[in-house]
Structure formats: C-alpha cells, structure tokens
Amino acid sequence: MADAVEAADAVPDAPGVREVMNARRSAFDRMADVSGTSSPGKPFANLRIDARAYAADGTGEDASHPVPSALVRAVTDRLARDGGFDGPGAALVTGLPTGGNVLRARQEHERLFRAVWADFLARTGQRDPAAGYAVKTKTTTDGVIPPELYGSNWSFKRPHADRDAWLFSHRYGPVAGCGGGAPVLLDVRRYLRRHGLRFADAFEWSREPTPGSKPVLRAEHHEAAMAECGVVLEGVGLDAVLFVNNLPDAGVLHGATPVRVTDPDLFVREYHRCSVKDARPC
C-alpha cells in the first residue's frame, strides 16, 4: 500500500474529510479507557453463516424472491457491536447460490447487502434510517487498479479501517493463477483495551493520492495483534460474502495476506464490493 504518515495535520479541507478522520482517531483513543474485552472467547469464532440453512424454501435465490429475513438477522447479529449487541463485528456468509454466473452472484450480493444495511440501521439505531446514505458498488481487479486514484495497482493492505464506509461487504471471484490474498480481520478494540494503547501508540495515517487518509495499524503491532485478536480467512470463494462493520466504534480492522502470482497468463483476482457511507453534508 502507499507509505504511511504520522499525523493528519495536512488533511485537505474537502467537505467532511477532517471530521471523519478525527472521529476515527477519537474512537480508537476511547478504546484504551474501557475495561474488559469485547466478545469474550476467540475473536471471530462465530462469524460464519451457512446461507443454505436459511433458504430451504428457495427464497432469496433470485430477484423474484425476497432475501430470507432470518439470514439477514443472523448477519446483523454478528455485525452489531453496540446498541445492546456485542457480535464479532464481521460475518462470513457461505453457501450462497451462484449458478456458475459471476454477474448473477454480484447482483445477489448487492441485494443481500442492501437488506442487511436496512436491518442494521433499524435494529441498532446507529443513525436515522431516513437520512441520506449512499450505497456504492464496484468491482476491483487487482493488478490494474489506477494508481492515480488509489496509489497502487493492488488492493492488498496492512490491517486498517476504511475512512468513509460505515459498512461494507466483499464477494471474491473470479480468482486464478495466484495464491495468497486471503482476507484478514483483526479485533483491534480488544487489543487496544488489553494493552492500554491509544491511536498514536498503535496507528499511523495512510498517504493517499485523494483527499484524506485511513488509520493503518503500525507494523510493529501486526504480529502481536494478529496472534491475540486476528484471523485469516482462507478459501473464501464466489459462494461467500464477507461483511465488516467499519463504524469508528466497532474496532474491526481488515486487510489481506500477500498475493503470489503463480501464472501471469492466467492471473486474475477480482472482488465485488458493496459499501455505504453517510451522504449528508457535514
């Protein structure tokens, strides 16, 4: 990823950028002051959901059927980390129908994401469900990402929190001609509380070609944090969708393991991303 910088003093005055970055820094600072640990037990132990257990009647398999409400609730149960909930902050939904069709899989991904986002808002009371939110979808193809927009041709990054997104999900595939690239999750809220660390102790700001920066875990903390509070999700395929709560207070970081290109002629690594951010002017 792009080099990181120590502070956000040079943040441009783009609308809302400085406010969002300050909110993330303040949230990480607060985590050091809360006693105890979140989600007792092994981090992310219960993040997996088999969608086949919720679609025995065929609902949710195409646009003519609603997404199963029980599946949506199961995802939200795992994503919510406040408002009376204390899930792992992430959910990996497996066993989703694809029909061998990447386009269909991505369309169904967006339907599932929108249903989960609506339920997440309604059940956790995060913000006003009627307020302005922007749902964004895109497909990222590693190796050909415009560096003038993202600073690199690759999406592989050290554990970090995205700056603007409140919730996001990824559906991976097609993937060929490579190894590695497995999603990484880290419950940094637990790590900061356990060691009494604040933002300046554990994080640095990324250097971005576009306005603003994202919090990135310092390299010296990576090994210890992953050993205590992290998980690597191997073998995530097209039949799965990974959801991550990226709200400032959630304390969930994400990244990916390094990718090894084994066959340049066959290499492809794509993922379809759905995300949502506050679209109201700051």
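**A conversation about the chain**

Analyst: Let us begin with Asn245, which is in strand S11; helices (H or I, at least four residues) and strands (E, at least two) are DSSP runs, numbered from the N terminus. The model is a predicted one, in which local features need pLDDT of at least 70 and side-chain atom pairs count only at pLDDT 80 or more, while totals for chains, interfaces and linings use all residues. Residues are numbered from 1 along each chain as its sequence is written, and side-chain values use heavy atoms, with hydrogens and water left out.

User: Is Asn245 buried or exposed?

Analyst: Asn245 counts as buried because its relative accessibility is 2%. Buried means under 20% relative accessible area, exposed over 50%, and partly exposed in between (1.4 Å probe, protein chains only).

User: What does Asn245 touch?

Analyst: Not counting residues up to four places away in sequence, Asn245 touches several residues, among them Leu79, Phe120, Trp166 and Val252. Contact means heavy atoms within 4.5 Å. Asn245 also lies 6.0 Å from Ala90, C-alpha to C-alpha, although the two are 155 residues apart in sequence.

User: Which backbone atoms does its side chain reach?

Analyst: A polar atom of the Asn245 side chain lies 2.9 Å from the backbone oxygen of Leu79. The side chain of Asn245 also reaches the backbone nitrogen of Leu247, at 3.0 Å. A polar contact is a pair of N or O atoms within 3.5 Å; within protein, one must be able to donate a hydrogen and the other to accept it, and residues adjacent in sequence count only if both atoms are side-chain atoms.

User: Which residues line the largest one?

Analyst: Asn245 is one of them, and the lining also includes Arg24, Phe28, Ala161, Leu247 and Leu253. Helix H1 (17-31) and strand S12 (252-256) each supply at least two residues of this lining. By class, the lining has six nonpolar, three polar and one charged residues. Here Ala, Val, Leu, Ile, Met, Phe, Trp, Tyr, Cys and Pro count as nonpolar, Asp, Glu, Lys and Arg as charged, and the others, Gly among them, as polar.

User: And Thr76, where is that?

Analyst: Thr76 is in helix H2 (residues 69-79). Thr76 counts as buried because its relative accessibility is 0%. Its side chain makes a polar contact of 2.9 Å with the side chain of Asp119. Leaving aside neighbours within four places in sequence, Thr76 is in contact with Val116, Asp119, Phe120 and Arg123.

User: What about helix H5, how many of its residues are buried?

Analyst: Six of the eight residues of H5 (residues 188-195) are buried, so the helix is mostly covered. The buried ones are Val188, Arg189, Arg190, Tyr191, Leu192 and Arg193. Gly196, which follows H5, has a positive phi, near 65°.

User: Where else is phi positive?

Analyst: Phe44 has a phi near 65°, a positive value in a residue other than glycine. Most residues other than glycine have a negative phi, and most peptide bonds are trans. Phe44 is in the loop between H1 and strand S2 (48-50), and is buried, with a relative accessible area of 6%.

User: Which peptide bond is cis?

Analyst: The bond from Gly173 to Pro174 is cis, with omega near 5°. Pro174 lies in strand S5 (residues 167-176).

User: What is the confidence of the model?

Analyst: The mean pLDDT of the chain is 86, and 84% of its residues reach 70 or more; pLDDT is the predictor's confidence in each residue, from 0 to 100. Over residues 1-10 the pLDDT is below 50, and this stretch has 25 contacts in the model beyond near neighbours in sequence. Where pLDDT is low, the predicted coordinates should not be read in detail.

Definitions and conventions: On a 1 Å grid over the protein atoms alone, a cavity is a set of points where a 1.4 Å probe fits but cannot get out, and a pocket is an open set with protein on both sides within 12 Å along at least five of seven lines; lining residues have an atom within 4 Å of a point.
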